[in-house]
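Please open the model in a viewer and follow the selections below in order.

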Amino acid sequence: MQKKILITGASGFIGSFLVEEALNRNYQTFAGIRSSSSKQFLNQPSIKFIDLDYTSNIALDTLLQKYQNEVGKFDYIIHNAGLTKAKKNEDYFSVNYDNTKRFVEALLRNNIVPEKFVYISSLASYGPSLNLKPISPDQIQQPLTAYGRSKLKAEEYLYTIKDFPFVIINPTAVYGPREKDAFLLMQTIARGLEVYIGPKNQMLSWVHVYDLVNAIFIALESNVVQQNILVSDNKIYTPQDFNNIVKSVLNKKTLSFTIPKFVLKSVTNAFEFAGKLKGQVPILNKERLKEFEAFNWSVDSSALLSLGYEPKYFLENGLPQTLEWYKTNGWLK
Ligand SMILES: NC(=O)c1ccc[n+]([C@@H]2O[C@H](COP(=O)([O-])OP(=O)(O)OC[C@H]3O[C@@H](n4cnc5c(N)ncnc54)[C@H](OP(=O)(O)O)[C@@H]3O)[C@@H](O)[C@H]2O)c1
């Protein structure tokens, strides 16, 4: 019988690819979105949409019971909805922690716990490695940002529930078609500028969205429960590696410069001051700066490799594929 899967945050970058993969794997696929969400990348006719209101116990109970009566229990849930940019630090906690907790409590209260509940967290809940070893699942988690702390709080909550069949996915920076943040780096290079912020020999990790989505389904379909799974393409890159590949694919000459530490500090202070006046967290703030400057963001993905995960994309072939998508879709000239 066709298994039923609910994917929350389906309208976002990663969520839209999770939905595609679920359909490819022949799951009956329910896409959790909001009335305001874009359906631009959710156009397959077999997708069933659910508008879950994670802020209300009554609304959650009503909708979950309705689906339980109409189609039965979801066999799998991937809780991918999350806030990655917020005006106020409290918003990270109310979406990434409070909503997750309320959602899981509703599943428990209504006795509709799935076979597996996959929580999409982030490498930010670990923070960087404090030595030269890659970040590993058993490392003490010391997030540098409110975003990372909100994800960690949700993870810690999951570990308190006895016998709940969850697995936590901690992806490093994700790139690929439809992505908007790494795209800004590529766009800057396309405009002839190459900007460096952190140390030049920084140890960075990346994962292509196709590999991440495959890794998530490997974890979902495995016997692994109550575990964190870190995901990268299992390689270590410097910031120049990324820029050099983009330059070569775009055939661009660039003006390269490193922003000196004292300039960065003053700019960050100015952003923080303006943020205080507006009552908002500025895009550049002291916590983000610490993330940019942290030396070692490399990842130990061995738990995933032992489950049969084989990344197919590395920056060498993943960036050309991604840049091609941006060009074909008019994001880059
Ligand atoms: N991209 C990365 O590099 C990366 C790395 C590590 C972890 N992650 C995690 O992966 C997940 C997906 O990230 P993404 O990059 O795909 O982000 P995204 O494109 O911003 O997508 C976020 C999704 O979450 C939904 N969402 C946000 N706030 C919500 C709320 N209050 N109620 C209901 N839905 C809400 C959004 O719905 P709308 O479309 O309606 O706004 C959207 O579908 C997140 O949990 C993120 O923390 C991402």
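Select the shell around the ligand: by class it holds 10 nonpolar, 11 polar and one charged residues (Ala, Val, Leu, Ile, Met, Phe, Trp, Tyr, Cys and Pro count as nonpolar, Asp, Glu, Lys and Arg as charged, and the others, Gly among them, as polar). The model is a predicted one, in which local features need pLDDT of at least 70 and side-chain atom pairs count only at pLDDT 80 or more, while totals for chains, interfaces and linings use all residues. Residue numbers start from 1 along each chain as its sequence is written.

Of the 22 residues that surround the ligand, the closest are Gly-9, Gly-12, Phe-13, Ser-37 and Gly-82 (C-beta atom, placed from the backbone, within 6 Å). Two or more residues of this shell come from each of α1 (13–24) and β7 (173–175); helices (H or I, at least four residues) and strands (E, at least two) are DSSP runs, numbered from the N terminus. The largest share, three residues, belongs to α1.

Finally, display the open sheet of seven strands, ordered β3-β2-β1-β4-β5-β6-β10 with parallel pairing; two strands pair if DSSP finds at least two bridges between them. Since β3 (48–50) and β10 (228–231) stand at the edges with a single partner strand each, one side of each is left without a neighbour in the sheet. Within the sheet, select Ile-78 and its bridge partner in β5, Val-118.
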